[in-house]
Amino acid sequence: MSNKLQVLTPQNSQIIFIDQQPQMAFGVQSIDRQVLKNNVVGLAKAAKIFNIPTTITTVETDSFSGNTFPELLAVVPGNDILERTSMNSWDDQNVRDALAKHAADGRKKIVVAGLWTEVCNTTFALSCMNDTDYEIYMVADASGGTSVDAHKYAMDRMVQAGVVPVTWQQVLLEWQRDWARKETYDAVTSLVKEHSGAYGMGIDYAVTHVHGGAERVSHGKRIGPNPAK
C-alpha cells in the first residue's frame, strides 16, 4: 500500500536514471547543465553509499542520444544499461523487470532522475503509478526540461497525479536521517563537500575554524602578508 508519509530509507528505496545522455542534455534549458550533471552524479554517489539498487536506462544511444554520462557510469561501473526505443521507459519489459525485482524486496519507493522532465520522466511516472502500487519520487534538480515552463508544468502535472517532488540533497539526507549513524557519516559528509556547494564549504569551514581540524588537502606554504613598500 502506498504510504507517502513514510520517509525514504535505504531499505524502502530504489533509483532509476532515465536518459542521462549528452544529446538529451543539449536540449535542457530549465537548469544549468553543469549543475544538472553535478546533481546527477551526487545522487548516484548517494545511492552507492546507502546500497540503493540502481537502474540505468537509455534511449537510441547509437542513433541519437549518445552514451550515458561517463561520470555517472564511473559511480556504478558494473551496472547494466537498459536500452530502449520508446520515450516511455515503462514500455520496456527489461525496465519493468528490474524495478519489480527490487520492489519485491519492499523497495516500492522509486527515486527518479531523468531527461527530459516533460517527456521521459512524466510518461514513465504516470504509467508506472497507473499499473503498480509503486511510489514515484521525482528528483527535480537532477532532471531537466527543454524550457523552464516545460520542466515546471511537467512537475506540476506529476505532483497532481501523486508524484512526490524532491531534490537530490533532500534524498541524501533523508537516507542518512541521523548523524549518529556513523557507518555512513564520513561518506555522506565527503559527498556533501564535493557536490553540495555552499553546504560543503560550510562543513570545511566548521572542521577547520570551529573544531580545529586539518584541511582536506595538503598545499604549499602560506606566505605573507608582506605589504609592498
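This is a predicted model: local features need pLDDT of at least 70, side-chain atom pairs count only at pLDDT 80 or more; totals for chains, interfaces and linings use all residues.
Reader: How are two packed helices described?

Author: By the angle between their axes and the distance between the axes. Take H6 (residues 117-131) and H7 (residues 148-161). Their axes come within 9 Å and cross at roughly 5 degrees.

Reader: Are H6 and H7 roughly parallel or antiparallel to each other?

Author: Angles under 35 degrees count as roughly parallel. H6 and H7 are therefore roughly parallel.

Reader: Which residues in H6 and H7 meet?

Author: H6 brings Thr117, Glu118, Asn121, Thr122, Ala125, Leu126 and Met129. H7 brings Ala150, His151, Ala154, Met155, Arg157, Met158 and Ala161. That contact divides into 8 nonpolar, 4 polar and 2 charged residues.

Reader: How do the axes of H8 and H9 cross?

Author: At roughly 170 degrees, with the axes coming within 11 Å. H8 covers residues 168-176 and H9 residues 182-195. An angle over 145 degrees counts as roughly antiparallel, and H8 and H9 are therefore roughly antiparallel. Their crossing is left-handed. Trp168, Leu172 and Gln176 of H8 make the contact with Thr184, Tyr185, Val188, Leu191, Val192 and His195 of H9. By type, 6 are nonpolar, 3 polar and none charged.

Reader: Which residues in the largest nonpolar core touch the most other members?

Author: Phe17, Leu43, Val111, Val139, Val171, Leu172 and Trp175, out of 37 residues. Helix H2 (residues 33-49) gives the largest share, 7 residues. A second, separate core has 21 residues, including Ile16, Ala103, Tyr134 and Met155.

Reader: What is Val111 in contact with, leaving aside neighbours within four places in sequence?

Author: Leu8, Gln14, Ile15, Ile16, Tyr137, Val139, Val171 and Trp175.

Key:
Residues are numbered from 1 along each chain as its sequence is written. Side-chain values use heavy atoms; hydrogens and water are left out. Axes are lines fitted to C-alpha atoms, for helices over the stretch in contact, and angles run from 0 to 180 degrees between N-to-C directions. Helices (H or I, at least four residues) and strands (E, at least two) are DSSP runs, numbered from the N terminus. Angles under 35 degrees count as roughly parallel, over 145 as roughly antiparallel, 65 to 115 as roughly perpendicular and the rest as oblique. Contact means heavy atoms within 4.5 Å. Ala, Val, Leu, Ile, Met, Phe, Trp, Tyr, Cys and Pro count as nonpolar, Asp, Glu, Lys and Arg as charged, and the others, Gly among them, as polar. A nonpolar core is a set of buried Ala, Val, Leu, Ile, Met, Phe, Trp, Tyr and Cys residues joined through side-chain atoms within 4.5 Å. Buried means under 20% relative accessible area, exposed over 50%, partly exposed in between (1.4 Å probe, protein chains only). A crossing is left-handed if the near helix is turned anticlockwise from the far one by less than a right angle, and right-handed if clockwise.
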